[in-house]
Amino acid sequence: QVQLVESGGGLVQAGGSLRLSCAASGRTFSSYAMGWFRQAPGKEREFVATISWRLGRTTYADSVKGRFTISRDNAKNTVYVQMNSLKPEDTAVYYCAAGRYSRSYSEYDYWGQGTQVTVSS
């Protein structure tokens, strides 16, 4: 089992920045790819970014490419997403997940409880 706890969400104006963190505990964190997903009200959960466990390969959704940066610190069992130039359409609950390196949420086995990000216009 892997337990994931997100933090860092909040209210920010358009154009602002936030950094989300996801602290992991339990089984070996560094064995898993880590992903960020988000879900806005009335919409399906969508892929944001993922980072592989060994080489730190990253993949981003087109909607956040160039604005968001995912990173991980295996020594601290923590994954981050730095979100810059935020837009109102980035408003959602953001979830971190541990699993296989993929854009698909079905490839992730463990999920955090989510943290709310609200971007005002």
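Guide: Let us begin with a term we shall need: a residue counts as buried when its relative accessible area is under 20%, and as partly exposed when the value lies between that and 50%. Please keep in mind that this is a predicted model. By that rule, both Tyr-32 and Tyr-110 are buried.

Visitor: Why is the pair of Tyr-32 and Tyr-110 called edge-to-face?

Guide: Ring centres must lie within 6.5 Å to pair, and planes over 60 degrees apart count as edge-to-face. The centres of Tyr-32 and Tyr-110 are 5.8 Å apart and their planes stand at 90°, so the pair is edge-to-face.

Visitor: What makes this pair a tie between parts of the chain?

Guide: Tyr-32 belongs to the loop between β3 and β4, whereas Tyr-110 belongs to strand β10, so the pair ties together parts that are 78 residues apart in sequence.

Visitor: Why are Tyr-108 and Trp-111 called edge-to-face?

Guide: Their ring centres are 6.3 Å apart and their planes are at 65°, so this pair too meets the rule and is edge-to-face. Tyr-108 counts as buried because its relative accessibility is 4%, while Trp-111, at 25%, is partly exposed. Together with Phe-37 and Phe-47, these two residues form one aromatic cluster.

Visitor: How do you know that the charged end of Arg-45 sits over the ring of Tyr-95?

Guide: The distance must be within 6 Å of the ring centre, and the direction within 35 degrees of the ring normal. The charged end of Arg-45 passes this test over Tyr-95, at 3.9 Å from the ring centre, and also over Trp-111, at 4.8 Å.

Definitions and conventions
Residues numbered from 1 in each chain as written. Predicted model: local features only at pLDDT ≥ 70, side-chain atom pairs only at ≥ 80, totals over all residues. Heavy atoms only, no water. Phe/Tyr/Trp six-rings, centres within 6.5 Å; stacked < 30°, edge-to-face > 60°. Helix = DSSP H or I, 4+ residues; strand = E, 2+ residues; numbered from the N terminus. Buried < 20%, exposed > 50% of the residue type's maximum accessible area, 1.4 Å probe, protein only.
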